[in-house]
Amino acid sequence: MKKERTKTIAWWGIISLTVLFIWGQSLLGQELSIAQSESVQGLLGKLFGEWVYDTFLYRHIRKVAHFTEFALLGAEWMGYRLSVCGERRPPQWLLFAFGPIVAGCDELLQFASNRAPRISDVLLDCSGYVCGGAV
């Protein structure tokens, strides 16, 4: 019983840190968010050449980041569910609702940092969450 409690605390700690990271990224100002994307773009430019500086790819860097954050969250949630819960698994609706709730809050937090929330980002986040959970 103590081992199960320790695993539960560890999983929820990891999940909480991921959610805080995601939400923290949304609270960054527009300038800092752009600077982060440009630094990733610059790193990829050094690795793969100048074609990375294309605006089209710049937009995709940001979308891949959204997808990846939520894929990680989905994988963590499923890892918790499978490794700790056993027969006492949380209700299925909670599994499916957690990702969209976090994604919706993530986009709403962007109002506070003068960034434009998008429904398409919520859908992308939910897709990442489902794919991460499926892995």
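**Aromatic pairs.** I started with the rings in this predicted model, and the tally came to five aromatic pairs. The one I opened up was Trp-12 with Trp-77: the centres sit 5.1 Å apart and the planes make 75 degrees, an edge-to-face arrangement. I then checked where the two rings come from. Trp-12 belongs to helix α1 (residues 2-27) and Trp-77 to helix α3 (residues 55-83), so this pair ties together parts 65 residues apart in sequence.

Buried or exposed, I wondered about Trp-77? Trp-77 comes out at 1% relative accessibility, so I noted it as buried. For Trp-12 I got 29%, which counts as partly exposed.

**Next ring along.** I followed Trp-77 to Phe-98. Their ring centres are 5.1 Å apart and the planes are at 15 degrees, so I logged this pair as stacked. Why stacked? The planes are at 15 degrees, and the cut-off for that class is under 30 degrees. Phe-98 is in helix α4 (residues 92-109) while Trp-77 is in α3, so here the pair ties together parts 21 residues apart in sequence. I looked up accessibility for Phe-98 too: at 17% it counts as buried, given that buried means under 20%.

**Cluster.** Which residues make up the aromatic cluster? I wrote down Trp-12, Trp-77, Tyr-80 and Phe-98, which form one cluster.

**α4 against α5.** Phe-98 took me on to the packing of α4. I found that the axes of α4 and helix α5 (residues 119-134) come within 9 Å and cross at roughly 145 degrees. The crossing of α4 past α5 is right-handed. From α4, I listed Leu-95, Phe-98, Gly-99, Pro-100, Ala-103, Gly-104, Asp-106 and Glu-107 as making the contact. On the α5 side, the residues are Asp-121, Val-122, Asp-125, Cys-126 and Tyr-129. Sorted by class, this α4 and α5 contact has seven nonpolar, two polar and four charged residues.

**Confidence.** The protein has a mean of 83, with 86% of its residues at 70 or more. Where is confidence lowest, and where highest? The lowest is in helix α2 (residues 30-48), with a mean of 76, and the highest is in α5, at 92.

Methods
Residues are numbered from 1 along each chain as its sequence is written. This is a predicted model: local features need pLDDT of at least 70, side-chain atom pairs count only at pLDDT 80 or more; totals for chains, interfaces and linings use all residues. Side-chain values use heavy atoms; hydrogens and water are left out. Rings of Phe, Tyr and Trp (its six-membered ring) pair if their centres lie within 6.5 Å; planes under 30 degrees apart count as stacked, over 60 as edge-to-face and the rest as tilted. Helices (H or I, at least four residues) and strands (E, at least two) are DSSP runs, numbered from the N terminus. Buried means under 20% relative accessible area, exposed over 50%, partly exposed in between (1.4 Å probe, protein chains only). Axes are lines fitted to C-alpha atoms, for helices over the stretch in contact, and angles run from 0 to 180 degrees between N-to-C directions. A crossing is left-handed if the near helix is turned anticlockwise from the far one by less than a right angle, and right-handed if clockwise. Contact means heavy atoms within 4.5 Å. Ala, Val, Leu, Ile, Met, Phe, Trp, Tyr, Cys and Pro count as nonpolar, Asp, Glu, Lys and Arg as charged, and the others, Gly among them, as polar. pLDDT is the predictor's confidence in each residue, from 0 to 100.
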